[in-house]
Amino acid sequence: MKKISNIRPLVFYPPFLLLITAVILSFVNLDSFLGVTSVINSWILSEFSWLFSIGTLFILGTCVWVYFSSIGNVKIGGENATPLLSKWRWFSIALCTTVAIGILFWGTAEPMFHLHSPPSSLGLEANSADAAKFAMSTMFLHWSFTPYAIYSIPALMFALAYYNLKMPFSLGSALYPIFGKRVQGKTGQVIDAVALYALVAGMAASLGTGILTLAGGLDNMLSVGTGPVILGLVTLAIVSCFIISAASGLHKGIARLSSLNTKVFFFIAGFVFIFGPTTWILSMGVEGIGSYLGNFFQKSLFTGASSGDKWPQWWTIFYWANWLAWAPITALFLGKISRGYTVRQFLTFNLVLPASFACVWMSIFSGTALHMDMNGDGILNKALQATGAESVIYTMFDNLPLAGITAIIFIFVSFLSYVTAADSNTEAIANLCSDNSEAVLSGEDNEESNNNFILKAIWGITIGFIAWVMTSFAGIDGIKMMSNLGGLPALFIVLACNVSLIYCVINGTFTKEIKDNSLITSEKEVTQST
């Protein structure tokens with residue numbers, strides 16, 4: 001077992017101690033703890049909904065602009081850089097690292113909320129055709145191009161800074177073009193610490209949905225319930241697997257799991273498409289896409305302010321906060337594995353293809369759920385109200401052929417999906433918490449370096465424990481609060497990366513040969529000078 005070496009104290013200790021303190025306080029007085037976090041959460045939603053909405057739209061617009069700009073042909077790592085991964089492995093890792101458990105958990109449960117409880121300000125009748133169309137178009141908004149743009153911007157900016165400018169493995173490197181050396185050294189560690197806190201909060205929130213999905217499946221099959229003990233056992237199994245997988249490195253663990261995960265995704269989507277209401281899926285998918293595109297700006301900027309409608313805060317803004325919480329640290333991993341490909345290829349494999357897959361997935365699963373509920377006397381909504389969101393997908397499978405087999409496969413892919421996503425992020429967390437600047441600058445850095453099992457285990461256990469506390473004692477509302485608390489600081493980091501990328505494109509930073517060796521500065525050198 002490797003020892004922790006060259007640990008970056010300002011990155012590791014503040015978020016770790018803050019999160020541990022939160023967990024202890026939740027045990028000492030859960031009601032008071034939830035009361036405080038609820039107040040903070042409400043403040044974030046009421047004061048910053050507008051910024052989440054306009055900020056994410058701005059990020060997506062930047063992706064489109066960059067894709068067609070002159071920087072599109074720039075190769076990450078320079079003209080002589082060789083790809084770290086094949087295109088299939090690259091796509092599967094990008095898909096699974098970002099999709100995680102959310103697409104499985106919410107693909108069938110979320111449409112039930114929108115169908116039966118649409119935004120009051122829109123005047124839609126519950127369980128109506130208009131509500132169904134709204135539900136489908138909303139799934140595309142929440143799960144396709146905007147979310148993947150949130151990941152792509154910081155990942156692309158970091159990849160270019162890390163490989164082309166030879167900057168340290170730090171989020172501060174992505175901000176170097178606009179802030180210079182001020183974002184290195186101790187300042188860079190503070191930025192990384194904020195991003196690390198945001199990711200751990202976001203991972204805990206997503207792990208919470210994973211725990212609920214798996215526990216719901218086990219309860220559906222074995223009637224074991226979904227109490228704290230079962231949730232704890234499920235958490236232990238997930239955390240143990242992703243720590244072990246992360247410790248095995250990129251090619252042995254992460255790439256193989258992602259490839260298998262993606263293949264199972266395609267298999268299960270194909271099964272539901274063939275044995276579900278195929279014609280309805282195709283028709284409703286097309287209609288939903290039309291509504292999504294036709295009302296894209298209105299839906300993207302819907303805050304409910306004029307009518308006092310809280311629906312956007314508890315759905316759209318919740319999603320933006322959750323995706324943003326994951327984005328900064330995930331960007332380090334996605335940027336690192338993109339070596340040897342062009343900027344345009346990067347956006348294709350990290351934005352266009354995963355978002356297109358999400359549209360297909362939601363057409364199949366959300367479309368099937370809507371059809372089954374509307375033509376089955378509200379069967380899925382009844383399951384939602386009776387036993388919670390985690391039971392909806394299994395109720396749907398119970399009404400399709402081979403129910404027992406498909407439920408087992410879904411439990412397996414749910415387990416595998418979160419393990420795969422958490423796997424890559426614990427890899428990034430471990431690298432971020434230890435200073436590997438010298439290895440990067442000397443050219444010794446590779447995908448297997450700096451694997452620190454102790455750091456991965458510490459953060460894996462911390463994330464799992466937080467998720468277990470929130471799911472066992474705070475439920476879905478607790479999960480949403482964790483996402484929002486992590487998403488706000490991450491929003492400012494991602495927007496800063498967005499401005500940095502725009503600055504580089506306008507100034508042609510990466511379209512001309514880099515000759516200024518002053519850009520190649522290790523974090524240790526900057527720290528010593530300060």
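Which residues touch the most other members of the largest nonpolar core? In this predicted model, they are Phe-52, Trp-361 and Phe-365, and the core to which they belong comprises 180 residues. The element that gives the most to this core is helix H16, spanning residues 343–374, which supplies 16 residues. The surroundings of Phe-52 illustrate how the core draws on separate parts of the sequence. Apart from neighbours within four places in sequence, Phe-52 is in contact with Ile-44, with Ile-317, Trp-320, Ala-321 and Leu-324, and with Gly-487, Leu-488 and Leu-491.

The protein chain contains 23 helices and zero strands. It has 530 residues, of which 62% are buried. Among contacts with a separation of 6 or more, 86% are between residues 24 or more positions apart.

Helix H5 may be considered next. This helix runs over residues 129–143, and its 15 residues reach 22 Å from the first C-alpha to the last, close to the 21 Å expected at 1.5 Å a residue. H5 is mostly covered, since 12 of its 15 residues are buried. The buried residues of H5 include Phe-134, Met-136, Met-139, Phe-140, Leu-141 and Trp-143, and also Ser-137, Thr-138 and His-142. Thr-138, which is placed in H5, has a relative accessibility of 1% and therefore counts as buried. Beyond its neighbours within four places in sequence, Thr-138 is in contact with Glu-110, His-114, Lys-299 and Trp-311.

The loop between helix H4 (102–116) and H5 holds Leu-122. This residue has a relative accessible area of 37%, so it is partly exposed. The C-alpha atom of Leu-122 is separated by 9.7 Å from that of Gly-304, although the two residues are 182 residues apart along the chain.

A further pairing across the sequence involves helix H22 (residues 475–507), in which Ile-502 lies. Is Ile-502 buried or exposed? Its relative accessibility is 19%, and because buried means under 20%, Ile-502 counts as buried. Leaving aside neighbours within four places in sequence, Ile-502 is in contact with Phe-58, Thr-62 and Trp-65.

Charged side chains come next. How many salt bridges are counted? The count comes to two. In one, the side chains of Arg-8 and Asp-192 meet at 2.9 Å, N to O. Arg-8 lies in the segment before helix H1 (9–28) and Asp-192 lies in helix H9, so this pair ties together parts that are 184 residues apart in sequence. Arg-8 counts as buried, at 2% relative accessibility, and Asp-192 is buried with a relative accessible area of 0%.

The other salt bridge joins the side chains of Asp-377 and Lys-382, at 3.1 Å, N to O. Here Asp-377 counts as exposed, at 62% relative accessibility, while Lys-382 counts as partly exposed, at 48%. Asp-377 lies in the loop between H16 and helix H17 (379–387).

Most residues other than glycine have a negative phi. Asp-377, however, has a positive phi of about 55 degrees although it is not a glycine. Lys-166 likewise has a positive phi, near 60 degrees, in a residue other than glycine. Lys-166 is found in the loop between helix H6 (145–164) and helix H7 (171–174), and its relative accessible area of 37% makes it partly exposed.

Finally, the surface carries a nonpolar patch formed by Met-221, Leu-222, Val-224 and Ile-408, which together have about 360 Å² of accessible area. Val-224 lies in the loop between helix H9 (185–222) and helix H10 (228–247). With a relative accessibility of 38%, Val-224 counts as partly exposed.

Notes:
Residues are numbered from 1 along each chain as its sequence is written. This is a predicted model: local features need pLDDT of at least 70, side-chain atom pairs count only at pLDDT 80 or more; totals for chains, interfaces and linings use all residues. Side-chain values use heavy atoms; hydrogens and water are left out. A nonpolar core is a set of buried Ala, Val, Leu, Ile, Met, Phe, Trp, Tyr and Cys residues joined through side-chain atoms within 4.5 Å. Buried means under 20% relative accessible area, exposed over 50%, partly exposed in between (1.4 Å probe, protein chains only). Helices (H or I, at least four residues) and strands (E, at least two) are DSSP runs, numbered from the N terminus. Contact means heavy atoms within 4.5 Å. The expected span of a helix is 1.5 Å times one less than its number of residues. Patches are made of residues with over 30% relative accessible area and no salt bridge: like charges are joined within 9 Å, nonpolar side chains (Val, Leu, Ile, Met, Phe, Trp, Tyr) within 5 Å. Accessible areas come from the Shrake-Rupley method with a 1.4 Å probe; for residues, only the protein chains shown count as cover. A salt bridge is a side-chain nitrogen of Lys or Arg within 4 Å of a carboxyl oxygen of Asp or Glu.
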